[in-house]
Amino acid sequence: MRLGLLMLMLTWASVAFAGDATPQSASNCPTHASLEGYTIRDARVEHPFAFLRWLKPVTDDADNAIAFLKGQNYRVSLVSDGIAALEKKAFLPETGDPAVRVNILIATVENCDGNQLDVVYRVFSTQVLRTISPTLESKRAEREAPQQKAGLTTESRLVLQPRFGYNRSDGFGAGGHLESHLRNSAHRPFEALILEGLGSASSYSVSAALAGKHDAEKAWLRHAEWQVNYANSDAATDQQNLRNGRLAAQFAAASRPAGSAEWALRFGGLIEGGNLQSGFSASQLAANTLPSSGYGAMKFYVGTSARSPHQTFAASYGLELGSAGGAQVDWRKHIGDVAHEFWYPLGNHRLLELESRFTAGAIQIPGSIPVAARFFGGNTEQNFISGDNWIIRANPLIRSIPSNRFNRTSAGAGAGSFASYNFTGAYTVWRKPIVPNEILNDADFKKQKDDGLTAATSILDASFRSADMHFKNAAGKLPEVRDSITRMQAAEKAAEASHQGQLTAEFKHCNSALQRAGDRAKSATEAKSEEDRYGNVAALLNDDETEDRLHRANQACVVDLNGTLQDAALDVEGAKLDALRVAMQTEFDQIDQASASARAAAEILPARTTLDTILNDVNLLSVSPVGVFDVARIGPAKDAIGGVRYGLGGGVRFTLVSAVSFTAGYAWNINRHPGEGQGAVFVSLKFRDLFQ
């Protein structure tokens with residue numbers, strides 16, 4: 001009872017499916033047989049990502065394309081005409097090189113009353129890029145901005161994201177993220193200019209960066225990114241402000257995911273220089289700590305990440321070698337950061353989300369260190385490197401103490417070591433799924449989606465097999481095979497001419513077998529892609545049992561025909577062609593098919609995971625109560641200075657996909673020490689890209 005179209009496409013192939021020609025009926029409509037005599041009141045298109053600015057004109061145009069249905073007597077053929085009109089519309093932007101492209105179009109009849117009904121065409125379209133990352137940060141992006149992971153973002157030159165927040169140390173703050181993509185950046189080292197800023201009455205931070213990246217879909221080093229950035233900040237503590245100005249160049253890379261858990265290796269480096277200043281006096285600091293100083297530093301970082309259908313894991317290590325002047329190393333900073341996130345649907349799109357993070361750091365000081373390079377904790381996260389694609393937390397986060405106020409140790413302001421554990425739990429109590437149930441509950445859609453992904457995996461499998469050197473050796477014999485077939489056809493024609501009226505059926509079978517083998521060899525030689533070449537070579541050999549064209553030519557011409565005919569020329573040419581077949585088959589059999597199949601499954605796994613997340617987890621609107629628990633320790637500690645603090649609290653999280661994310665709550669400082677408050681409010685308000 002549906003009319004649908006599902007397409008899954010790779011850049012080199014497509015797989016299409018079509019459902020029953022009868023539209024699905026909503027619960028308030030009679031059976032299809034009873035719809036005769038109804039008039040079509042309205043016909044419209046619904047797309048879950050219609051909130052995107054670029055997509056609204058597309059859906060408006062689609063509505064106009066099916067406007068001819070309105071006012072007509074209902075017929076299945078009319079609904080089919082609407083499907084045909086919508087199939088010509090582009091609901092996906094031309095962007096990147098997608099691994100999988102999906103278009104779903106399902107027609108339903110609804111609101112059947114007063115002999116009138118509505119025809120609704122529901123569209124779901126997505127394209128998963130081949131360079132998708134399995135990182136923890138990537139998983140968050142699927143929830144916050146699924147249109148990016150769904151390949152529905154256009155090449156906008158500007159990205160603007162306003163940001164607001166509150167912290168007791170800083171007061172209310174406002175700022176934003178502005179990103180400008182450069183024109184014709186394909187062959188330039190930098191493709192984007194990124195400006196960020198956030199300010200309040202007592203603090204500010206600004207930064208500017210030129211950024212570039214490179215993705216290599218078939219290489220082991222899958223993704224690389226780099227940037228040159230300048231940052232300047234003034235951060236409030238409970239005593240004095242910390243000021244920082246620096247220029248840095250950084251690089252990071254990630255490997256191709258491997259295995260069922262999509263394990264990926266990440267690594268990179270950074271070099272920076274500038275000044276670290278503060279309002280502290282020397283008496284407030286440890287003996288080896290400077291209130292203000294110029295500095296230079298190098299950072300090295302390495303990590304791994306993994307992902308399964310319901311959890312992500314990330315572990316990172318960072319090393320900073322710093323100098324307060326000269327060529328010596330004055331301090332060494334070590335950071336370890338481990339994060340785990342688990343989510344599971346307890347009901348339709350009602351997610352239980354559990355987030356855990358453990359971070360630890362230590363500083364070794366053979367010389368001296370500016371106080372601003374020490375650890376200052378509180379309810380604001382500080383990152384070891386710039387950017388959002390790889391978060392390595394670099395300070396003790398505890399949400400019950402305001403930003404930078406967890407810093408007093410027995411040696412003075414600024415910790416020399418820390419360890420912190422943070423837990424956040426949330427459950428969706430109200431939501432509106434981004435993909436409607438009419439699509440999610442369509443059994444035909446589920447089957448076709450799975451079948452299409454399986455077909456896409458098979459095509460990837462052929463692509464990787466075609467890259468094997470043994471396949472290249474086999475395919476390299478195609479010119480010889482074509483020449484041999486041509487000579488054998490000539491020998492067969494000569495033999496037929498000299499034996500007219502004899503063995504008619506055998507000559508016919510031989511001629512047909514040679515013709516088909518020749519066609520396959522020609523198609524393999526002239527194939528536009530290696531995957532197509534692989535399929536045609538397989539058809540020449542016994543890898544494709546339904547064809548096996550070279551063996552069939554040998555059977556029809558040498559065994560069946562010449563076994564009786566005993567023609568010398570046909571026997572010689574047949575032996576040469578069969579020798580080529582054996583040589584090709586020997587090379588073909590040595591292709592590492594198991595490795596190719598495993599790699600194809602690994603390549604398609606991110607697409608499967610992303611599609612499942614968008615279909616089954618992502619909500620357009622959601623409200624979730626949030627519970628938090630933190631424990632953090634800084635040192636050196638003695639008596640009531642430094643030591644361990646606990647935080648316990650809760651709040652609420654509201655998310656409107658692609659528009660805003662708002663979280664507010666309060667955490668109590670359970671074992672507060674003298675001079676500390678009872679707790680702290682945490683508030684963040686983050687807008688998405690206003691130009692999408």
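I take a salt bridge to be a side-chain nitrogen of Lys or Arg within 4 Å of a carboxyl oxygen of Asp or Glu. The model is predicted, so local features need pLDDT of at least 70 and side-chain atom pairs count only at pLDDT 80 or more, while totals for chains, interfaces and linings use all residues. Residues are numbered from 1 along each chain as its sequence is written, and side-chain values use heavy atoms, without hydrogens and water.

Entry 1, salt bridges. I searched the whole structure and found 28 salt bridges. I looked up Asp61, which pairs with Lys89 at 2.9 Å between the closest N and O atoms. Asp61 sits in helix H1 (residues 55–65), and Lys89, 28 residues apart from it, in the loop between helix H2 (76–87) and strand E5 (98–113). I use DSSP runs numbered from the N terminus: helices are H or I of at least four residues, strands E of at least two. Asp61 has a relative accessible area of 35% and Lys89 one of 26%. Both count as partly exposed, that is, between buried (under 20%) and exposed (over 50%), with a 1.4 Å probe and protein chains only.

I noted that shared partners join nine-residue-list members including Arg41, Asp42, Arg44 and Glu46 into one network. Arg44 meets Asp42 at 3.4 Å and Glu46 at 3.2 Å, N to O.

Gln566 follows H11 with a positive phi, near 55°.
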